[in-house]
Every structure is written in C-alpha cells, then in structure tokens.
Amino acid sequence: MAVLHTQNIGTWALAQRPMRLLRTLGAFLLALTLAFGGAYAQTPANASPQNVRASIDIETNRPAPGDVVTVAIVMDPKTGWHDYWVNPGDAGTPLELEWQLPNGVTAGTVRAPVPETLIVSGFMNHIYKAKHAFLVDVKIPKDAQAGQSLNVKVDARWSACSDLVCVPEAATLSVPVTVGSGTISNADRARFDQWRSALPVPLDRSARYQIDGKRIEIAIPYPRSAKAERVWFFAQTEKLFRYAAPQSARRVGDWLVVSGEVKEGFEGQIDGLLRFNDAQGLEVRAMPGAVPSGGAAVSVLGEGAPADQEQPPLGFGWILAFSVLGGLLLNLMPCVFPILGLKALSLAKMGGDEGEARRDAVAYTVGIIVSCLILGGIMLALRAAGEEVGWAFQLQDPAVVLILLLLMVAVTANLAGLFEVGGIGAGEKLTRQGGLSGSFWTGVLAAVVATPCTGPFMAAAMGAALLLPTGLALLIFAGLGFGLALPFLAIAFIPALRKRMPRPGLWMVRFRQWMALPMALTSLALLWLTYQLVGFTGLMIGGAAALIILVALFALGRKQKDGAPYTWVVMALFAIAIAAALIIGTVTIQPAGTASKAGSIAFNEARLNALRAEGKPVFLYFTADWCVTCKVNEQAAIDRTETTDAFRKSGMTVMVGDYTRRDPDITRYLAKYGRSGVPLYLYFPPNGEAQILPQILTVDDLTALTK
C-alpha cells in the first residue's frame, strides 16, 4: 500500500498514544513531585459523536484504466459547529488527509470550497458552517486490469468547533472501486457538478499588490461590467496577513482593489482567494506591482451580514484581565484557606526584611504560575488528543485524588509537628535563610488545591482559553496564577502593607498547629472523594495508605530528633505514594451513575429540552464532589428548606449535573456557556432563554426565581 501525506499530521501523534501509558507516567511523576504539578485522565469508554460528520463519495466506482476520478470528502457540521478552510486563520486546524492507496494509485491536492469568516474573541477564523465537500482527483494507473478491485482509503482529521470550544475529530473513510468502463451516471455527474460549483475559479491573469507600511492593496483584474459586492480576500499564504484586520474594497475600471493589513512588509508571490457576491470565488496569484488609485467603494463581507461575522464584546485583553481577577478572587474561596495560613506564617516571619519578603513572594508566585501552566498545558494537550476534559479534570481521576490525599496527610502531620520537611511546612526551616524552595512549593501547593474552585470572572476566562491558540491559552492560565499570587506580591512590594503584618513570635507555633486542623479536614474530604470515585475499595486503599504514612512519619519524626536525615521521610513518602497509586490504578471504575438528590432529576439535555418545550421552569446546576465552592453553595443556598419549599410551590424542576467523574456530555454542555469546569448555575424561565446565575449563591437569589 502506498501512503501519501496530504498534510503534516505530526500534531496528532498524541492522539495515538495509549492513555494507559499516560496514566502510569503521570502517576509516577505525581509521586515524585508529591502531586504538585501533574495530572492525567482516562480514556472515555465510548467515543463522542462527531460534531462535523465526514463521509466519502466518488464520482464513479468503475473508472477505466488511466482515468482521473474525483473523490469528495463530504463534511456536514451540526448546527452551531464549523470546520476550517485550508488556511484556518488565527485559530483551528484544516482538514488533514493521509491516503492509503493501492500501488500505482495516486491522489492529487485538496481543492476547497469558498469559505466564510467568523470572528471569535478578536480572532479571525476561515470556516464552513454548512454541508460542503473537499475534492481530490485520484489517478488510476494505466496498467490496471478490468475487474481489478481497488480500495480508496483515507484517514481524515479535522477540528470541529463551536463559538466556545474546539475538539479534534477523525475518521477512516473508504470507498470500493472496481476498474471498469469509466461511465459516470447522470445523477453522480450532477452531484459532483454541484460540489464543483462551490470551488473558486482560477483567475486567468495575475493580480498586483503594493505595501505601504503595514497596509496592503491588492489589485485584481475584474471586468467593470461584472457585479461585485460583499468582497473579502482570504490569504492562502500563511503568517503574512492580519486576518482579523478590517478590509475595504474599491473598483477602478477593470480592477477590483482590496485593502487589508499585513504583519510586516514582504516581497514575492501571494496566493489567495477572492470571495464576492453570493459565495463565488476566484483563485488569485499576486505579484508586486503598481496599484491604481481612486475608484468607487465596494461593500465587504460582514457589512449587513452579522451571520458571517460575529464580533463578541470582549477581546483578548479583557479575557486576560478576567483570568487575573478570577485568580485574585480565588483567595476568598474556602478551598484555598489552608494554604493562606501557611503563607501568612512565612510573611509574618520576615517582619521588615524587604529583600527577603520580595524574594519569597516571587518564588511563591513562580510556583503558582508554573503549576497553572502545567495543569493548563496538560488539559490543552488532552483536549487536542480528543479527550473531553475541563478545569480541575485531574480531580476526576482516583489516582490523582489519592496522591493529593497522601500529600495533605503529610502536610497535616508536618503542621502538627510530627516531622519536619523544609520544602513543605513551616517548621525550623522558616527561621533559616534560603527558604525560596519552601516558598516555591507552597505556591505549587496553593495552585493544586485551588483547582476545585471556579470563581467569578474565572469561568469566562477558562472557557475562552479552550478556544484560543495554545500560546494565548497558556497566557490565560498564567494570568490566573498571577492573580492567585497577587495579594502576597502586594504585601511584599508595598512597605505600608508589609508593616501591618504581625511581628514574629511564639504565636507562630500555635498558629501552625491550628492550621493542621483545616488540612486534616481537607484530607478527610479527599478520602471521601476517593470513596465517591472508586467505592469501598478506594476508601480502604486510601485509608490504609494514609494510616501507614501517619505511622511512618511519626516514627521517622522521632528519628529526626536524634539527628537522622529527613531524606528518609521523603523516600518513605515516595514509596508509599507510588505503591498506593499503582494499586488504585488497577481498580475497575464503574461508569458514572445517574443518581440525583431527592426532589431533583439527573442532567439529560434531551429531557431539559423537553421540559423547556413544555414551558416549565428549570433550575439546572452542575456540581462535583471535589468542588468546594459547589458544596458550600449547596449547603448555604440550594439545599435549604426555604429554597426547596419555594421551588416546590412554584413547580420548579431541579436538574443536577454531577461532574465528579468525567462526563463528555456535561463537558460539551458547559462549553456552550463558555465554561471549562464547575460550578455553573442556570435558570430557564417558562418559555424564556437561560439565565446564568452568580457563582456564589444565596437563598434570596434562588427564591427570587420563583416570584
């Protein structure tokens, strides 16, 4: 079999690696770093249905020897979804084809139909929203024998995107071919003529362009008698144009001049596509040359056509600001409180030492940002590999939760004084110089335990990060970490704030011991989450591992008092963590159940749509056992008697989406509202559109829905 690569498919290699290898490697790395910086996910049991369905068609399945037969890769996006042109623009990936053809059979280049424009968060995308076909000519060898069977097969990969999220999709497509007479039926000819009519027509003359600064004008030969409106130039030559910059057009005699913007000046040939009128297109090849001046203005694509160009109110700058503000507000969330206590100790210890305070704050900030980048990078990589994952995805894997449990048990024991490790706790090392390592790892720990929370402003930023190019998405995660560290940076770099910190003293010992209490409660919560994910087996494994660690740390702590090196403590932690993670990794995880709380129903999008069609009010919320913010809202507002009574009297249907375990349906639904994690609270009034409720709820907020 001959293999022909139509596009570079190296970026899809991750999707072919076994997820079990990722789990094993992830567990080992997590144990080595005490779970500070890694996470992984499991492969879902069933593949998700395609959002852009692909199929293959051939103009005749009985081509004659030496014939060139046209093959169509037909793409059919669902409503609200799209795929991409050969140059996708600022985001997305085009269709990539890897042909598997019999010896002697060859495939030509891909011919793409005329695309549309779509702007999301300030980024231009060149897309298709309606059913369309990419055409490829396949050459049959002249020495093929009549009656010979030839299987035309191709592995196709593409990005399927909505306005909020992108997911990679793939399919292996094949069509049987038997060498014959080459006859094409009228129906087949008509079908393929329709696909061909959507292709751009090659321009018979060369165009000219001229660059002035960053502004480019392209003069395209175009008869003055021909109609021209809704013009747009799509550059096929990549990385030269600013795709999202506005374009303008004018007519000068037998020329149509399109003006746009380039990133910087250049010379040489430009290949592109001129779209005009009703999705007609010309293939354009332009060389440097004189461009005529003057002329009458022509409308460009997007003027009076909001369906083609949807410009949201916020650009990347606002999204980045939201990520910083969301990280800042995470400091107020209950899941971060124990770590704030640890950091308060180190700041108080420094007193008025300005240099040490600043170095400490920077190390703490670096630890947080590095952790957020690692977690964000892994999440983006898994999504690129086809995984439906969101923010805090690592807490849906029992091995990760178990490692975090053992880490929290170790931190609790350290704060309680059972043993001392300078890189974790606030013991004798806090009184010594060179505590930057401890500050760094405290920052890492803060980022890890903050992941179950999704605060105000953060949700929109995390949702946008899933759509942006990788570099910009990582900036969003870095902004989140910077916001989380911002209060301590302010204290370190603003003397007036630092002077308000209490002086070092004996109170630090007491405070440290009191901080063991919230850490112990966090450990119990993680043990309970292990039970929720794996059942009684997970509870036994987690409880036994935690007990062994406590006993080992107590014994090793006594040896430390005799001068034994604390490296034995770390080695013991590694050994126990690795063993426990490997054991729990072998436990078979049952599919997530559909159980819901009394008086509510489990999330089902079809059921939700049916309730809305009946005109019934619905309160829908997404929660998870590992989401501390979710549980606080449930206890403080959702599960209160006043709320349940008001809902019952008004006929409100309460629907609950449990995201404790990975659920691709919930992941996709969250993405519709720009979210990558929980909580999300939605109210559907009778015969009305969804209302997004605040992420911090009160009883008054919920009872007001019934009035």
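Which strand does L680 lie in? L680 lies in strand β24. The views below show a predicted model, in which local features need pLDDT of at least 70, side-chain atom pairs count only at pLDDT 80 or more, and totals for chains, interfaces and linings use all residues. Residues are numbered from 1 along each chain as its sequence is written, and side-chain values use heavy atoms, with hydrogens and water left out.

**View 1. The whole chain.** The protein chain comes to 18 helices and 25 strands. These are DSSP runs numbered from the N terminus: helices are H or I with at least four residues, strands are E with at least two. Of the 707 residues, 52% are buried. Buried means under 20% relative accessible area, exposed over 50%, and partly exposed in between (1.4 Å probe, protein chains only). The chain exposes about 30,700 Å², with 59% of it supplied by carbon and sulfur atoms. Accessible areas come from the Shrake-Rupley method with a 1.4 Å probe; for residues, only the protein chains shown count as cover. Among contacts with a separation of 6 or more, 78% join residues 24 or more positions apart. Contact means heavy atoms within 4.5 Å.

**View 2. L680 in strand β24.** L680 counts as buried because its relative accessibility is 0%. Leaving aside residues up to four places away in sequence, L680 touches L620, Y621, F622, L670, Y673, R675 and I692. P694 is 14 residues from L680 along the chain, and their C-alpha atoms are separated by 8.4 Å.

**View 3. Nonpolar cores.** A nonpolar core is a set of buried Ala, Val, Leu, Ile, Met, Phe, Trp, Tyr and Cys residues joined through side-chain atoms within 4.5 Å. The largest core has 68 residues, and I73 and F241 touch the most other members. Strand β10 (residues 149-161) gives the most to this core, with six residues. F241 touches I216, I218, F233, A235, E261, V262, K263, F266 and I270, not counting residues up to four places away in sequence. A second, separate core of 32 residues includes F603, I638, Y669 and L702.

**View 4. R196 and D193 in helix α2.** The structure holds 17 salt bridges. A salt bridge is a side-chain nitrogen of Lys or Arg within 4 Å of a carboxyl oxygen of Asp or Glu. R196 pairs with D193, the closest N and O atoms being 3.0 Å apart. The two are separated by about one helical turn, because they are three residues apart in helix α2 (residues 186-197). R196 is partly exposed at 25%, and D193 is partly exposed at 38%.

**View 5. D254 and R224 across two loops.** This salt bridge has its closest N and O atoms 3.2 Å apart. D254 sits in the loop between β16 (248-252) and β17 (255-261) and R224 in the loop between β14 and β15, so the pair ties together parts 30 residues apart in sequence. D254 is partly exposed at 35%. R224 is exposed at 59%.

**View 6. E689 and R612.** Their side chains meet in a salt bridge (3.9 Å, N to O). The pair links distant parts of the chain, 77 residues apart: E689 in the loop between β24 and β25, R612 in helix α14 (residues 605-613). E689 is exposed at 63%, and R612 is partly exposed at 27%.

**View 7. Positive phi at N687.** Most residues other than glycine have a negative phi. N687 is not a glycine, yet its phi is positive, about 55 degrees. N687 lies in the loop between β24 (680-684) and β25 (691-692). N687 counts as exposed, at 70% relative accessibility.
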